[in-house]
Amino acid sequence: MEQKKAKAGLILTGGGARAAYQVGVLKAIRDLLPDQAKNPFPILCGTSAGAINAAALAIHADHFRRGVGYLLEVWENFHVDRVYRADTWSMLKTSARWFSSMLWIKRNSPASLFDNTPIREMLEQSLDFGRIQENIDNGALYAVSVTASGYSSGENVSFYQGGPGLEAWERTQRVGAATMLNVDYLMASSALPFLFPAVKLNREYFGDGSIRQIAPISPALHLGADRVLVIGTGRQLTEATRVRSSLYPSIAQIAGHALNSIFLDGLAVDLERLQRINRTVSLIPEDKRLEAGVHLRPVKVLMISPSESIERIAGRHVQELPRMLKFVLGGIGAMNRRGSNLASYLLFEETYCRALIDLGYRDTFAQHDAVLDFLDIGK
C-alpha cells in the first residue's frame, strides 16, 4: 500500500525571524542532493514561521530546488516593513490603543502589538496554494501540515492536506484536522502571542502553533513518516549553564525567556521522549510487537540546530531595526545583550537573516555524513 512506503518527514519549528536558520539548512541540503533529485521530504510539517517555510516547499514540491530558491530570495532580502508595520505612526497608534485599554477608555483588549498585514499581503501575492493539491495528486508530495493553537479550546491543531488514506487524529490537547490550506492557516500558526493578531479559523481564534505544543514531532508521525529531520531554531544545550546575576530581569529578558519556553522546551522534551521510545521498541522483536498488538515502530531522527547563540548574533544586528522600534524596545531593555533574546524573534532584517542562513548552511555541512545517510545518498 502507498501509505506504507518509506517516507521522510521534515519538521520546521517556530521562532519568528530565527526561522531564517532553517533556510540555510535547506540550502545545504539542496547543494548535497544530485541536480535532478526529487523532493526528499514527501511529508512537511511546519509551525509558526516554520509553517510559512513548509507551505512554500509544499507549493514547490515538484521542484525542490526552486522551492529553496524562493525561500532564499525572500529571507535574504527581508526587512521589518515586509513583515509588520514599525513606522512611527503605526507604533503610536498601537501604543495609544494599549494605553486606552489599560485605562478602560476602550474596553476591548488590543489585538496585538504589531500589524502584520505586510506579510499577509506578500504571501497572498507570492504563494499559489492550489499547487499543493496538484503536487499531492502528481506524487511529488504526500502531505503537509500547519499547526496552530486554539485560544478557546486550548487544543493544538495540526491542519493537514494530503492524499486519500490519511485519517484525522485526536489525542490529549492534540488534534489533526484535514483541510485545504490557505494563507489564513499560515497567519494563525505564526501569530506570536501579544505580538501578532490571532486569526479566526472556522469557529475559533487561533494563535502561534508553538503554544502548548507538547509533541512537535507527532504530526509527521501521524502523517506516516518513518524518519524525520527536525530543524530547530534554538541551541540545544547538553547540560544546564548556571549564570550568577544580581540584576533584576528586564521586561525584554522575561519576554525572551517566555518565548524560548514556547519555542524550544517542547521540542527538547519531545525528542527525549522519542529517543526513549526508540530504545524501548528496539528491545522487543517485531514479531512479538505484532503479536501483542503494539503498533509502535522505531523512528529515525536527525536534529539540526544552531551551533552558536542566536541571541548573540541578534545582539550584533539589533541596531538595524527601524528607529521607532528601537526606541520602544530600548524602553523595555531589548536593545542590550541581556534583552537581545526578544529582539532575535523580531529582527527581520537582511544582514541578520543572512547571518542565520550562513550558520544553518555551515551546521548542516558539519553533519555532512549524517545528512547523506538520512537522505540515503551514497557518500
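Predicted model: local features only at pLDDT ≥ 70, side-chain atom pairs only at ≥ 80, totals over all residues.
Helix H11 passes helix H14 in a right-handed crossing, where right-handed means that the near helix is turned clockwise from the far one by less than a right angle, and left-handed that it is turned anticlockwise. The axes of H11 (residues 310–317) and H14 come within 9 Å and cross at roughly 150 degrees, the axes being lines fitted to C-alpha atoms over the stretch in contact, with angles running from 0 to 180 degrees between N-to-C directions. H11 and H14 are therefore roughly antiparallel to each other, given that angles under 35 degrees count as roughly parallel, over 145 as roughly antiparallel, 65 to 115 as roughly perpendicular and the rest as oblique. On the side of H11 the contact (heavy atoms within 4.5 Å) is made by Ile310, Ile313, Ala314 and His317, and on the side of H14 by Thr351, Tyr352, Ala355, Leu356 and Leu359. Sorted by class, these residues comprise seven nonpolar, two polar and no charged, where Ala, Val, Leu, Ile, Met, Phe, Trp, Tyr, Cys and Pro count as nonpolar, Asp, Glu, Lys and Arg as charged, and the others, Gly among them, as polar.

Residues are numbered from 1 along each chain as its sequence is written, and side-chain values use heavy atoms, with hydrogens and water left out.

Helix H14 (residues 350–366) also packs with helix H1 (residues 20–32), at an angle of about 45 degrees and with the axes 6 Å apart. H1 and H14 are therefore oblique to each other, and their crossing is right-handed. From H1 the contact includes Ala20, Tyr21, Val23 and Gly24, which meet residues of H14, among them Cys353, Leu356, Ile357 and Leu359. The contact of H1 with H14 divides into 13 nonpolar, three polar and three charged residues.

A further helix pair is formed by H2 (residues 49–59) and H3 (residues 64–75), whose axes come within 8 Å and cross at roughly 140 degrees. H2 and H3 are therefore oblique to each other, and H2 passes H3 in a right-handed crossing. Asn53, Ala56 and Leu57 of H2 make this contact with Phe64, Gly67, Val68, Tyr70, Leu71 and Trp75 of H3, and by class the residues involved are seven nonpolar, two polar and no charged. H2 is mostly covered, with 11 of its 11 residues buried, where buried means under 20% relative accessible area, exposed over 50%, and partly exposed in between, for a 1.4 Å probe and protein chains only. Among these buried residues of H2 are Asn53, Ala56 and Leu57.

Serine 48 is placed in the loop between strand E2 (43–47) and H2, and its phi is near 60 degrees, a positive value in a residue other than glycine. Most residues other than glycine have a negative phi, and most peptide bonds are trans. A positive phi near 60 degrees is likewise found at asparagine 202, in the loop between strand E7 (199–201) and strand E8 (204–208). Serine 48 is buried, with a relative accessible area of 1%, whereas asparagine 202 is exposed, with a relative accessible area of 64%.

Isoleucine 231, in strand E9 (residues 227–231), counts as buried at 0% relative accessibility. Isoleucine 231 and proline 306 lie 75 residues apart in sequence, and their C-alpha atoms are 9.0 Å apart in space. When residues up to four places away in sequence are not counted, the residues touched by isoleucine 231 include Leu10, Ile11, Tyr21, Val25 and Ile304. Alanine 188, in helix H7 (residues 183–189), is also buried, at 0% relative accessibility. The C-alpha atoms of alanine 188 and glycine 209, which are 21 residues apart along the chain, are separated by 7.7 Å. With neighbours within four places in sequence left aside, alanine 188 is in contact with Ala148, Val199, Leu201, Phe206, Gly207 and Asp208.

Over the whole chain there are 15 helices and 10 strands, which are DSSP runs numbered from the N terminus, with at least four residues (H or I) for a helix and at least two (E) for a strand. Of the 379 residues of the chain, 54% count as buried. Among contacts between residues at least 6 apart in sequence, 77% join residues at least 24 apart. The chain exposes about 18,400 Å², of which carbon and sulfur atoms supply 53%, with accessible areas taken from the Shrake-Rupley method with a 1.4 Å probe.
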